[in-house]
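Okay, everyone, thanks for coming. Let me put the structure up, and then I'll walk you through a few spots.

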Amino acid sequence: MSDGPSRIVEVVAGVIRDARGRVLLARRTEGRDLAGLWEFPGGKREPGESPEAALARELHEELGITVEIGAPLINVPQAYPDKRLRLDVRVIRDWHGPARGREGQALAWVPPQKLASYSMPPADRPVVGALLQPDRYLVTPSPDDEKSWLAALDRALAAGVRRIHLRAPGIDRDRWSTLVGRAVRRCRKGGAQAMVNGDIELAREHGAGLHLRAAQLVGLDSRPVAADVMLAASCHDLEELRAAEAVGCDFAVVGNIKPTPSHPGKAGIGWDGFARLREQVALPLYAIGGLGPDDLAEARSHGAQGIAAIRSLWPA
């Protein structure tokens, strides 16, 4: 993969909510790159300026508000034809003054569930995923016995896992179908999204999302499930990621980041390798491979939606 343009542009943006929980978006004005698209308000960071100072300045200049800057949300690397952008997004803890488009830009207060329907620049799309979707994606192991497996699933749900990849290599399909049905009902009751590995008919039968294997992407030229069914894919390189994006995946899993027992002798791509893939696509991405909840901050700092894992998320 080419390193692409070398010019790096540091940009800061804020997630601003009103009293009703709506999120503020600004529309890029005519004459700018990506004119007409909606983005999280902010702007370029000047040399020597801290991200916090840059964001406070930009939001005052653009919107006329003063802000209290909260925690980092996500840092998205994104490659454009003429530059490499680094979008540092912070949660705005509080703000004061009437927000208005002081540079002629249109503003919109958007209910969170409608953010994905707005056309955005590629760097802003993963921000929506970071705001709305789970930061942990549990991949299930094969069951030794159904009772213990379901009990562990219940514990994972009780611990707050809200997206689960139902995967059990080597299991008999009839046995697996019965177990998937039970797992999906538990996920639904616990408010979690269940994703079935690879089997389109099984996902449809049980009303679950579909997680495609990387090898399945090669034979697809369109989305294999309806638009209202969550679709994901496992990816290992740029070609697979672009295929996942082309068929309309809602997110993808990328790795492995570190060496793992499940991939003996295979070196991980590391966080730098992940970031180089991240900047080529706009999909929300989970990082996988030797990771756990303690890696979430590092994952977000390289543009990941969160982490996916078996061992660190599956209760012993």
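The lining of the largest pocket divides into 24 nonpolar, eight polar and seven charged residues. For the record, Ala, Val, Leu, Ile, Met, Phe, Trp, Tyr, Cys and Pro count as nonpolar, Asp, Glu, Lys and Arg as charged, and the others, Gly among them, as polar. Now, this is a predicted model: local features need pLDDT of at least 70, side-chain atom pairs count only at pLDDT 80 or more, and totals for chains, interfaces and linings use all residues. Residues are numbered from 1 along each chain as its sequence is written, and side-chain values use heavy atoms, with hydrogens and water left out.

Next stop, Ala-287. You'll find Ala-287 in strand E14, residues 285-288; helices (H or I, at least four residues) and strands (E, at least two) are DSSP runs, numbered from the N terminus. Is Ala-287 buried or exposed? It counts as buried, because its relative accessibility is 0%, and buried means under 20% relative accessible area, exposed over 50%, partly exposed in between, with a 1.4 Å probe and protein chains only. Leaving out residues up to four places away in sequence, Ala-287 touches several residues, including Trp-271, Phe-274 and Ile-307; contact means heavy atoms within 4.5 Å.

Last, a sheet. Three strands make an open sheet in the order E3-E2-E7, with antiparallel pairing; two strands pair if DSSP finds at least two bridges between them. On the edges sit E3 (38-39) and E7 (107-110), each pairing on one side only. Strand E2, residues 23-27, is joined to E7 by four bridges, and Leu-25 has Ala-108 as its bridge partner in E7.
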